[in-house]
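The following note sets out, point by point, what may be checked against the coordinates. Please read it with the model open.

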Amino acid sequence: RVQAVCPDIYSFFLAPTEGVGWPQIRKDSVRSHMVSRAMRVSSMLVCMGPWPVLGDVYLHNPRGSNNKLSEESNNVQNDNRLFDSQNNGKAGYQIGDKCNPVCHKNNGNTQYDETKEGAMKGQMYYYQGSELYIEWTEQHGCGHGNPNVICQLILQYMCNGDNEGIRDGTKRGNQNNAGGQQEPPTKAGADDETLGQHESLEFYLKCRQRERNKGLYIADKKLNKNNGATATRQNPGGNNNANQRHGLECPEERDYYPYWHPTPWHDIAVLTDEPYKRCDYYRAESQNVVGKGECSDSAYNNREACEGAKGQWNEVGAHRKHKGFGLSAEPEGPPDCRAGIESRDNHHGNTRGNQPRYYIWRIPDHIEGTCVLRLRYNVTTGDFHAASEANRGRSWRSNDTWDYFHVDNKVKPILRQDPTADFLKVDYNNPLQLQVNTNQYGRVFEDRTHTFKVVKRPLWMSIKNLAGPPR
């Protein structure tokens, strides 16, 4: 009955196809251990740990928050505030201020004064039609030609036409989750203007009530059956309380792309190391060009189950261009998809050619209002390739048609939690152990900007590529 074809292991790039049973899904994601290399290391190796996590993906322009608001230290105070970054808490940029002269208790004191006029109100403005230079770094490498990793990067945006409640919030500390401190969140918590918000309360509640996609690869993880699509291989317990919830983000939507249910996020670009194999698929399955379905009863995640329970399966159309005060009939159009420039492993710095990782986005003329950018980084090593040591003894090892992109829940775990074996074939009595956390093999990292505004270009302006605050 389960027809999904997609690896939770590469938990990020999958997509559904219409049909009986579970949606068919394909995907890619996450970082993985360098098992194929580990198995060839010296016999002196007793235990292999994960890659050092000093940071994973960070937006630098526009400034990525990494969940920070107005902290006075390097560490983020609440990494559950808006989204699940899985990044190191020391990175990220605080929100801008608009105080005159500074947001301090007094001119001779460096203590932040959140009550000052303009505190946490420093917001960037960009003109419609301008070119926005987006820059970021990713730690574990990416890009076409990198021999060690398989990777995709996705850029998306959302504006207050998708959720009129988009805001940064002003409440500081560690009790400022979007939606409040209850689980499930309440309307009162979602309406609290002091709390930041990206996704809407309705979006999150549908995710929590909806049965998770059981066609996805989950390795050896046992997922919570009571928390709907908040339980994934990367978040196996689901969201039992507000301390486990990341804003109003849906974990299943976060981990997989293109998502098979409606999402408020509009696609800008996909950068992949396999453009010749993946780009046609990403363009065709983006919600920018094709509608996504959901049941009138949020508990059901596919048409067959929905209609069998006397529910109505509703198709939510593709994202459309805004026109005046409404929407036009014209779809937004497919995202840009191309090869990413190669960057090396364990390096938050420039890519090949000594240039930063960047993408130039021409802000569409139909966007207006308060918006936010989202970047997801999906990376793994080659352990899921057919010829890897992790796949030793499997029937597909010599099969040229094997594609890790299509691993589903029928596949036995390719890697298990902390496996112990005589990997080096030297001493059966003293096996080695690899430190493997299978909810991190097929992993997505994420960063988002603080909110910014897109405004119409003044009639007097003739320069077409200018971005900046209006005068």
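**Note on sheet pairing, helix burial and ring contacts**

1. Strands β2 and β4 (residues 131-138) are paired in the antiparallel sense over 4 bridges. Pairing here requires that DSSP finds at least two bridges between two strands; strands (E, at least two residues) and helices (H or I, at least four) are DSSP runs, numbered from the N terminus. In this pairing, V57 has E138 of β4 as its bridge partner.

2. The model is a predicted one: local features need pLDDT of at least 70, side-chain atom pairs count only at pLDDT 80 or more, and totals for chains, interfaces and linings use all residues. Residues are numbered from 1 along each chain as its sequence is written, and side-chain values use heavy atoms, with hydrogens and water left out.

3. The open sheet to which these strands belong has 3 strands in the order β2-β4-β12, with antiparallel pairing. The edges are β2 (57-61) and β12 (357-362); each has a single partner strand, so one side of each is left without a neighbour in the sheet. On average, neighbouring strands of this sheet are turned by 30 degrees against each other, direction ignored; the axes are lines fitted to C-alpha atoms.

4. Which residues of helix α5 (residues 275-285) are buried? They are R278, C279, Y281, Y282 and E285, where buried means under 20% relative accessible area (1.4 Å probe, protein chains only). Among the elements that cover them are β5 (149-159), β6 (266-272), β7 (292-295) and β11 (336-339), with contact taken as heavy atoms within 4.5 Å.

5. The structure holds 8 aromatic pairs. Rings of Phe, Tyr and Trp (its six-membered ring) pair if their centres lie within 6.5 Å; planes under 30 degrees apart count as stacked, over 60 as edge-to-face and the rest as tilted. One of the pairs is Y257 with Y282, tilted, at 5.9 Å centre to centre and 55 degrees between the planes. This pair links distant parts of the chain, 25 residues apart: Y257 lies in the loop between α4 (251-255) and β6, and Y282 in helix α5. Y257 is buried at a relative accessible area of 3%, and Y282 is buried at 0%.

6. Y259 and W260 form a further tilted pair, 4.6 Å centre to centre with 45 degrees between the planes. Y259 is buried at 3% relative accessibility, and W260 at 4%. Y256, Y259 and W260 form one aromatic cluster.

7. R245 lies over the face of Y204, 5.8 Å from the ring centre. The criterion is that NZ of Lys or CZ of Arg is within 6 Å of the ring centre and within 35 degrees of the ring normal.

Key:
Axes are lines fitted to C-alpha atoms, for helices over the stretch in contact, and angles run from 0 to 180 degrees between N-to-C directions. Buried means under 20% relative accessible area, exposed over 50%, partly exposed in between (1.4 Å probe, protein chains only).
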